[in-house]
Amino acid sequence: MKTFTNYKEFQANEVTFQLGADRQGKAQISAVYGEAMKEVGIVSPACITNWPRVSGDGNFGTMWGPTDPQKAKFTLDLTDAWLDGTTHSPFSCLADILEAIDDRLLDFVQSNQLKILGRKNLSRDEVKMLQIRSVRPKHDKVSGALTGHSVQTSTTKYAWDGMGGKYARTIAICDKDGAVVPNGAVQPGDVVAATIYANQVYTGVGGDKFGIHWSFEDVQVICQRTQMAQKTQVNAFTDH
């Protein structure tokens, strides 16, 4: 069973990486947390989600989703958008944690670059160019200007059952008090928190790219978009 540490108490410097090999002998990196070597699991702060797919068939049938329902994923993005137009999200606290973990992975890969990347004598900056960071910038499609940041998480809908088959899993959706809501839903613009974990440290993507695949297990809907406070006055029209 996974354990999750609240982002306020999580210590990124306690995340360590280990180098092993898969069945084909390819280098494989695992991430662990603390002296107990637990999975790296974090309870995120409250954030706006823009493109949640956490129920039903997940991203199956969407523009960017798979055409095979067996390959469907539940997806959840956490963003740095303002919570109600005036209150800034504590997303930056999560971003700082993930950036620190990414930096530790970067140092590990540079130190073991021959086994992981098949390269020699790459500087830290050169290795960083191959890294896909956990916190990703968002840009305006027209102007190219930076508009914010987000963390993308995903979890496969179908998981191996240990007996050669698969079973369909569900995402627990909770209310603000942590009680599971039967047939709960998460809508674009909702304020949510999630239990996220480092599912895999991947390597060899698109050549030599590497990074951390973050997944999520449960989602808490802290405030629905429809219930957020609305503007009651626009000062720009009253100050003249």
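The model is predicted, so local features are given only at pLDDT of at least 70 and side-chain atom pairs only at pLDDT 80 or more, while totals for chains, interfaces and linings use all residues. Residues are numbered from 1 along each chain as its sequence is written, and side-chain values use heavy atoms, with hydrogens and water left out.

Helices (H or I, at least four residues) and strands (E, at least two) are DSSP runs, numbered from the N terminus. Buried means under 20% relative accessible area, exposed means over 50%, and partly exposed lies in between (1.4 Å probe, protein chains only).

**Nonpolar core**

- A nonpolar core is a set of buried Ala, Val, Leu, Ile, Met, Phe, Trp, Tyr and Cys residues joined through side-chain atoms within 4.5 Å.
- In soluble globular proteins, nonpolar side chains tend to be buried together.
- The largest nonpolar core has 47 residues, and those touching the most other members are Phe 17, Val 40, Ile 42, Ile 101 and Trp 214.
- At least two residues of this core come from each of strand E2 (15-21), strand E3 (27-33), strand E6 (73-79), helix H1 (91-111), strand E13 (191-205) and strand E14 (209-223).
- Helix H1 gives the most to this core, with 10 residues.
- Contact means heavy atoms within 4.5 Å. Leaving aside neighbours within four places in sequence, Ile 101 is in contact with Phe 10, Ala 12, Val 15, Phe 17, Val 40, Ile 42, Ile 212 and Trp 214.

**Aromatic rings**

- Rings of Phe, Tyr and Trp (its six-membered ring) pair if their centres lie within 6.5 Å; planes under 30 degrees apart count as stacked, over 60 as edge-to-face and the rest as tilted.
- The structure holds 3 aromatic pairs. One of the pairs joins Phe 17 and Phe 108, and is tilted, with 6.1 Å centre to centre and 40° between the planes.
- Because Phe 17 lies in strand E2 and Phe 108 in helix H1, this pair ties together parts that are 91 residues apart in sequence.
- Phe 17 counts as buried at 10% relative accessibility, and Phe 108 counts as buried at 17%.
- A charge sits over a ring if NZ of Lys or CZ of Arg is within 6 Å of the ring centre and within 35 degrees of the ring normal.
- The charged end of Lys 2 sits over the ring of Tyr 197, 4.6 Å from its centre, and that of Lys 166 sits over the ring of Trp 160, 4.7 Å from its centre.

**Cysteines**

- A disulfide is a pair of cysteine sulfur atoms within 2.5 Å, and a search of the whole structure finds 0 of them.
- For Cys 47, the nearest cysteine sulfur is that of Cys 93, 9.3 Å away. Cys 47 is buried, with a relative accessible area of 0%.
- For Cys 174, the nearest cysteine sulfur is that of Cys 223, 16 Å away. Cys 174 is buried, with a relative accessible area of 12%.

**Salt bridges**

- A salt bridge is a side-chain nitrogen of Lys or Arg within 4 Å of a carboxyl oxygen of Asp or Glu. The count by this rule is 9.
- Glu 99 and Arg 133 meet in a salt bridge (2.6 Å, N to O). Glu 99 is in helix H1 and Arg 133 is in the loop between strand E7 (131-132) and strand E8 (135-139), 34 residues apart.
- Glu 99 counts as partly exposed at 27% relative accessibility, whereas Arg 133 counts as buried at 15%.
- Asp 107 forms a salt bridge with Arg 124, with the closest N and O atoms 2.7 Å apart. Asp 107 lies in helix H1 and Arg 124 in helix H3 (residues 124-128), so the pair ties together parts 17 residues apart in sequence.
- Glu 99, Asp 102, Asp 103, Asp 107, Arg 124 and Arg 133 are linked in a network of salt bridges.
- Asp 208 and Arg 119 also meet in a salt bridge (2.4 Å, N to O). Asp 208 is in the loop between E13 and E14, and Arg 119 is in the loop between helix H2 (113-116) and H3, 89 residues apart.

**Single residues**

- Glu 217 is in strand E14 and is partly exposed, with a relative accessible area of 28%.
- Not counting residues up to four places away in sequence, Glu 217 touches Lys 2, Phe 4, Ile 171, Ala 172, Thr 195 and Tyr 197.
- Met 37, in the loop between E3 and strand E4 (41-43), has a phi near 55°, a positive value in a residue other than glycine.
- Asn 183 also has a positive phi, near 55°. Asn 183 lies in the loop between strand E12 (172-174) and E13 and counts as exposed at 81% relative accessibility.
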